[in-house]
Protein chains: 4
Amino acid sequence: MNKQNLTIGGKELRSRFFLGTGRYPNPFVQNEAIRASDAEILTFAIRRVNLEAPGEDAILQHLEEERNFTYLPNTSGAKTAEEAVRIARLARASGLSDWIKVEISANEKTLLPDPIETLKATETLVSEGFTVLPYTSDDPVLCKRLEEAGAAAVMPGGSPIGTGLGILNPYNLGLIIEEANVPIIVDAGLGSAMDVTQAMELGADGVLMNTPVARAKNPVKMAEAMKLAIEAGRLSYEAGRIPKKKYATASSGLPSFISN
Amino acid sequence: MNKQNLTIGGKELRSRFFLGTGRYPNPFVQNEAIRASDAEILTFAIRRVNLEAPGEDAILQHLEEERNFTYLPNTSGAKTAEEAVRIARLARASGLSDWIKVEISANEKTLLPDPIETLKATETLVSEGFTVLPYTSDDPVLCKRLEEAGAAAVMPGGSPIGTGLGILNPYNLGLIIEEANVPIIVDAGLGSAMDVTQAMELGADGVLMNTPVARAKNPVKMAEAMKLAIEAGRLSYEAGRIPKKKYATASSGLPSFISN
Amino acid sequence: MNKQNLTIGGKELRSRFFLGTGRYPNPFVQNEAIRASDAEILTFAIRRVNLEAPGEDAILQHLEEERNFTYLPNTSGAKTAEEAVRIARLARASGLSDWIKVEISANEKTLLPDPIETLKATETLVSEGFTVLPYTSDDPVLCKRLEEAGAAAVMPGGSPIGTGLGILNPYNLGLIIEEANVPIIVDAGLGSAMDVTQAMELGADGVLMNTPVARAKNPVKMAEAMKLAIEAGRLSYEAGRIPKKKYATASSGLPSFISN
Amino acid sequence: MNKQNLTIGGKELRSRFFLGTGRYPNPFVQNEAIRASDAEILTFAIRRVNLEAPGEDAILQHLEEERNFTYLPNTSGAKTAEEAVRIARLARASGLSDWIKVEISANEKTLLPDPIETLKATETLVSEGFTVLPYTSDDPVLCKRLEEAGAAAVMPGGSPIGTGLGILNPYNLGLIIEEANVPIIVDAGLGSAMDVTQAMELGADGVLMNTPVARAKNPVKMAEAMKLAIEAGRLSYEAGRIPKKKYATASSGLPSFISN
């Protein structure tokens with residue numbers, strides 16, 4: 001089976017699962033969930049990490065043994081482009097990564113991304129040589145603008161962070177994917193394996209999740225479920241689903257290779 | 001990981017995928033798709049099979065080598081309980097199986113099951129010792145009635161056969177599952193891996209599909225996608241998803257094992 | 001504007017609003033809401049009415065002055081066809097009405113109608129000369145069966161009584177309407193003016209409501225809202241909506257009568 | 001009944017219907033539809049109007065007699081803030097109106113508004129004293145930004161112009177309304193009376209439509225349907241709908257004023 005791989009910022013990835021590292025009940029469960037997810041890219045808030053000695057950080061430490069992770073630090077907590085840019089520079093300076101997920105929100109109730117500031121920060125950070133993955137709304141025009149600004153991948157949200165409401169507007173997500181020339185990673189709001197399968201069947205190149213895994217009753221089992229959901233959705237997308245029809249077609253009629 | 005198995009009519013099944021054998025482009029693809037699906041239970045219309053010599057039948061022949069299939073013949077084409085019962089008796093008499101999927105429809109446009117005739121046929125066939133799996137609508141009261149009539153499993157449709165419209169009424173399906181004491185297998189109308197994941201996350205015990213696999217652009221790849229979707233949905237159901245919330249929760253806050 | 005009227009059981013109705021009389025905060029609000037709704041048909045549970053002297057009944061009394069109502073008593077509380085038939089006969093014997101809404105449920109959690117018992121009671125009551133309006137599920141085959149049994153109108157539920165969940169399966173409702181030769185009245189589960197407009201745009205001939213009016217914060221205002229929603233949905237159905245399209249069409253292009 | 005009126009730019013409006021003037025089959029139908037809609041605010045593309053002599057314009061001429069309309073010209077066709085600003089200035093200079101609907105799109109397939117350019121144009125035109133009503137996406141953060149920039153009302157789209165797909169993301173629209181301090185007018189994509197009722201029940205202050213009226217099979221009847229749908233939705237919003245519940249509540253129980 002010919003599985004095309006995903007490439008972001010020149011890096012070829014075998015997994016399409018971007019996993020967040022926050023909110024797990026304890027470090028052991030966190031580690032087991034990461035293992036079960038088979039994720040290659042791990043994301044976390046820079047403000048959570050001790051930038052003076054990232055190698056000794058509580059979160060990153062127990063992942064150390066396995067060297068094949070790509071870290072995608074995010075700027076969560078930033079309310080303006082300026083703050084996001086400062087956080088990204090700190091992260092790079094401390095040797096953490098030159099990949100950055102731009103995440104800017106001034107609304108504490110919804111944590112929805114600010115489209116104007118996100119575009120500004122993306123422009124600046126691209127010009128400084130970062131590999132930039134902005135978290136944004138599902139506005140198709142803005143996603144295009146972020147691509148034109150040099151984003152390595154664009155990450156529209158399905159619904160507000162941590163709500164588990166799934167993909168509120170599959171139409172918009174479909175449009176975004178249809179028009180994109182960079183990978184589209186669905187970020188934020190996914191709650192269940194169904195949401196993940198839906199995203200992948202719409203043609204998304206990957207998904208980023210944290211809360212739905214970390215806060216599931218059984219995070220490790222959920223990590224495996226999500227891994228399989230990504231694969232199922234991707235395969236289904238590649239296999240080409242049947243069209244929807246208004247009326248029935250008997251599936252038990254004579255098969256065409258018999259009736260012909 | 002403790003994966004509870006599904007038991008129907010005293011038979012323990014390791015797969016939750018019930019696969020139809022009609023409408024594939026050719027027998028080779030049919031066989032490959034069955035293999036990729038890992039399905040244990042195969043379903044087909046009795047009227048399609050040569051009952052005088054079922055062992056030589058075009059459809060069943062090339063499955064012969066692999067002996068671990070359970071055949072679930074269906075009564076499709078029947079318009080009344082009487083016709084369905086006669087078809088089931090013929091199938092058993094010819095040594096095909098004493099499992100029977102009751103499928104009765106008088107509406108050629110929608111092929112929707114007739115609830116009254118389906119209940120009647122189920123009662124009769126149960127009294128004659130068949131293992132009866134009726135295909136029915138998603139009416140919760142009727143599903144309960146079929147269980148009370150002795151159905152080994154109840155198989156509500158997601159939407160009309162072959163439409164690919166998915167689960168039109170997840171609420172009803174959830175009620176049916178909540179109240180059931182026998183396995184609930186979602187039968188008919190599923191179109192994509194997302195639909196399958198949704199059914200399993202609602203707590204369905206399995207799914208029956210034919211057209212969405214056989215008529216996909218790539219049936220073999222779709223069979224694999226559906227297999228994974230069933231596993232993903234089941235694991236997610238067991239793992240316990242996060243509740244839906246109206247507003248956001250930051251996933252990148254201090255993890256509880258650090259902040260405490 | 002040519003507004004085709006609705007005819008049920010030989011009676012021509014100018015309103016398409018069937019209003020329930022239970023659960024209002026007090027009799028004054030009940031009366032005002034009935035007035036605002038402009039409903040002609042009022043429905044109530046027979047068990048609530050003093051059958052020995054229906055003219056002095058607390059509920060019906062204050063409606064007395066206005067003589068143009070048609071009463072549609074219902075058999076709610078009945079768990080079997082037998083019970084429903086007995087209740088209907090009592091109602092007729094007491095001079096209340098020979099119209100009857102068959103409502104039979106054995107499930108106290110969902111109050112969903114029992115399709116088998118509903119069909120039986122309908123057959124019996126039709127044969128006894130009642131004008132029968134059965135409340136049923138949205139199973140298209142069963143709705144057809146009830147029509148064939150002589151129902152004067154068929155009343156599928158949108159969702160369980162009192163839930164306000166709206167029309168859970170618009171597809172099924174559309175099929176039912178498409179195939180019907182008697183009026184289809186959507187009964188149960190509607191919660192808002194939007195639900196009502198949707199039912200009417202699908203081509204329903206009327207709607208029956210109680211809880212969404214009686215339990216609204218302002219029942220009188222809601223009665224008026226529902227009346228307008230019925231009219232809006234009906235007019236829209238008659239006016240013929242635009243088709244849905246995937247992509248945009250500018251509405252501000254040169255109008256055809258100028259550009260041509 | 002206390003119907004609070006809508007005020008925009010200091011103007012009190014008795015109707016909540018903003019009607020577009022393009023795409024009608026002929027001027028007579030256009031006029032009749034406008035009359036049936038009872039709309040006070042009419043919108044049209046400035047590029048369609050002869051700015052040298054707007055009083056003699058084919059579109060505006062036959063509306064002349066009735067003097068109580070407010071004209072809301074739009075900048076459709078503009079691809080940048082600069083173009084939109086130029087169009088607005090021309091419109092004002094020609095005496096047409098100092099109200100302006102900012103509409104900027106560079107994508108001819110979807111005609112979706114460009115959020116960045118829309119914000120820029122709004123800032124400029126507000127500073128020049130226009131009453132600005134920007135058409136934008138349903139991004140809640142951007143809607144807030146437009147309000148902060150001085151928009152007199154904000155007009156998020158339900159779906160792309162002319163598609164009739166309705167409100168693709170009711171959640172976002174609800175958030176926008178919840179957080180707004182200026183009127184929210186739902187603009188673009190509405191297709192049916194149901195969509196309109198839904199918008200109003202979510203708390204929208206008004207709706208702007210063109211294609212669903214002008215291109216209905218019967219535009220005049222549809223204009224009346226939409227007018228009623230707006231009233232129904234508004235009244236329902238004010239009346240306070242019942243909460244949604246998972247399980248049933250009998251509506252035919254003893255009414256509380258009897259049982260107590």
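This is a predicted model: local features need pLDDT of at least 70, side-chain atom pairs count only at pLDDT 80 or more; totals for chains, interfaces and linings use all residues.
View 1. The salt bridges between chain C and chain D number 2 (a side-chain nitrogen of Lys or Arg within 4 Å of a carboxyl oxygen of Asp or Glu). In one of them C:Glu238 pairs with D:Lys221, with 2.8 Å between the closest N and O atoms.

**View 2. Elements on the side of chain C that touches chain D.** Two or more residues each come from α1 (27-37), α2 (58-61), α7 (193-201), α8 (211-214), α9 (219-239) and α10 (256-259) of chain C, where helices (H or I, at least four residues) are DSSP runs numbered from the N terminus. The most is given by α9(C), with 12 residues. By class, this side of chain C has 32 nonpolar, 24 polar and 16 charged residues (Ala, Val, Leu, Ile, Met, Phe, Trp, Tyr, Cys and Pro count as nonpolar, Asp, Glu, Lys and Arg as charged, and the others, Gly among them, as polar).

View 3. Chain C and chain D each bring 72 residues to the contact (heavy atoms within 4.5 Å). About 6000 Å² is buried between chain C and chain D, 64% of it on carbon and sulfur atoms (accessible area, 1.4 Å probe, lost when two parts are put together, summed over both). Chain C is superposed on chain D by a rotation of 180° with 0.0 Å of shift along its axis, at an RMSD of 0.0 Å (least squares on the C-alpha atoms of residues with pLDDT of at least 70 in both). This is the relation of a two-fold axis, and 100% of the contact residues of chain C recur in chain D, the same surface serving both copies.

**View 4. Salt bridge between chain A and chain B.** B:Glu238 forms a salt bridge with A:Lys221, whose closest N and O atoms lie 2.8 Å apart. On the side of chain A that touches chain B, α9(A) gives the most, with 12 residues.

**Notes.** Residues are numbered from 1 along each chain as its sequence is written, and chains are lettered from A and ligands numbered from 1 in the order in which they are written. Local features need pLDDT of at least 70 and side-chain atom pairs count only at pLDDT 80 or more, while totals for chains, interfaces and linings use all residues, and side-chain values use heavy atoms, with hydrogens and water left out.
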